[in-house]
Amino acid sequence: MRDPLTDCSYNKVYKSLKEFAQNGENFCKQITSVLQQRANLEINYAKGLQKLADKLNKALQNTKKNCLSSAWSWASEGMKSAADLHQKLGKAIELEAIKPTHQVLSRQEKKRKSLDNEVGKTANLVISNWNQQIKAKKKLMVSTKKHEALFHLVESSKQSVTAKEKQKLLSKLKKSTEKLQKEDENYYQQNMAGYSTRLKWENTLENTYKSILELEKERIQLLCNNLNQYSQHISLFGQTLTTCHTQIHCAISKVDVEKDIQALMEETAILSTENKSEFLLTDYFEEDPNNIMDKERRKTLIKPKLLRLQRDIEKACREKEGLEQMLCTHSSNSSFSDSKNQKDTAALMDENSLKLDLLQANSYKLSSVLAELEQRPKPSHPCSTSIFKWKEKPLGWPSPTTDFARPCILFKPGKMMS
């Protein structure tokens, strides 16, 4: 079965960013491990120097005071000073680099896990709705076929059955009609719910993408801060470490945080041209020119569906006008609204436009079928280039040649639709 999430550009970029973030986290942990080993070495070296300084002092206590012993006393003090310097460096690395890094990584791990859970929940809603639409469509197709068979039976046996049998058949036809209407409405509502669940998932992906991007910026800044602090402490070692520090300082001087962040933004940027959603359009039994319905019967059943779509289109248009007026008010009167209200209104506008595109695409498709039945020219609409078909193989059916192994209708709205 087709995965409705695979080809989404948001999903691809989100997975790419997650992989980038995971590599960054692993690198950060490796750097922290190296720093911890360096801190341990400094502290252990300081302990060793301190023991040597104490041993030298003890030897000097039993030695006669003279210039030679005074010189060795200065050597002992030098060892103590060096031990103190190494001890401070080791502790500084632990407190100023290792501990904050562990705290940041732990907090970011919890944050990413929460974001991943939210993405997973919304993705499951999209997949669930997608499968429910397929299931509801197949159920409606089967019920429609049975209903049509019963309808033709009633029509063909009007003159050959008794009044009692005729009444019994009409009663069964009425129940079948009510059941068919209920399943039709359920399928329609599932289809309408599909756009909102898909939009929620994509919005969640976009927001999660931005959140993870901020976490990556924070991690890059943290590593840069650690480098700068490391540089400052190494500088305190004085002339003996000048050569080593020059090399480190040269490398640190080449670090450009803004450049790294810009490179991250470019590598993980979402191309607006790739931002396309996919939705299932309604696909009714009576649209199939190869089914058992006659033309008049098909026209009779298609027209109410078109009227329902037209009512929803008019409602969506009224909602769009209201949102446009609201957005205009926000833009013309800055004291009336803040940037958040404008952003929320703009988001509602996008959602309304998407809903209107979906309704118009469904209406265009049904209108084209009706025009063909009535031998009229087919209507034209920009959405015609955004409608595609793909084959959905029925699950658990004897043969893929079954009447209902028809292509599903896929709608990929562009940004210039409404």
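**Helix 6.** I looked up helix 6 and found that it covers residues 295–332, 38 residues in all, and spans 54 Å from the first C-alpha to the last, close to the expected 56 Å. I took the expected span as 1.5 Å times one less than the number of residues. Helices here are DSSP runs of H or I with at least four residues, numbered from the N terminus. At the start of this helix, I noted a side-chain oxygen of D294 within 3.3 Å of the backbone nitrogen of E296.

**Basis.** I am working from a predicted model, in which local features need pLDDT of at least 70 and side-chain atom pairs count only at pLDDT 80 or more, while totals for chains, interfaces and linings use all residues. Residues are numbered from 1 along each chain as its sequence is written, and side-chain values use heavy atoms, with hydrogens and water left out.

**Salt bridges.** I counted a salt bridge where a side-chain nitrogen of Lys or Arg lies within 4 Å of a carboxyl oxygen of Asp or Glu. The count is 21. One of them joins R297 to E148, at 3.1 Å from N to O. This pair links distant parts of the chain, with R297 in helix 6 and E148 in helix 2 (residues 67–156), 149 residues apart. I use buried for under 20% relative accessible area, exposed for over 50%, and partly exposed for in between (1.4 Å probe, protein chains only). Both R297 and E148 are buried.

I next examined E372 and K378, whose side chains form a salt bridge at 3.9 Å, N to O. K378 is exposed, at 54% relative accessible area. A further salt bridge, between R376 and E374, has an N to O distance of 2.7 Å. R376 is partly exposed at 39%, and E374 is partly exposed at 28%. I also recorded one network in which salt bridges with shared partners join D184, E185, E286, K305 and R308.

**Nonpolar cores.** I defined a core as a set of buried Ala, Val, Leu, Ile, Met, Phe, Trp, Tyr and Cys residues joined through side-chain atoms within 4.5 Å. The largest has 28 residues, of which Y188, Y284, I302, L358, L359, L366 and I387 touch the most other members. Helix 2, helix 3 (163–235), helix 6 and helix 7 (339–373) each supply at least two residues of this core. Helix 7 gives the most, with 10 residues. Another core of 16 residues lies apart from it and includes Y10, L17, A123 and W201.

**Cysteines.** I searched for disulfides, meaning pairs of cysteine sulfur atoms within 2.5 Å, and the count was zero. C28 is buried at 0% relative accessible area, and C224 is buried at 13%.

Technical notes:
Polar contact = N/O pair within 3.5 Å; in protein donor to acceptor, adjacent residues only side chain to side chain.
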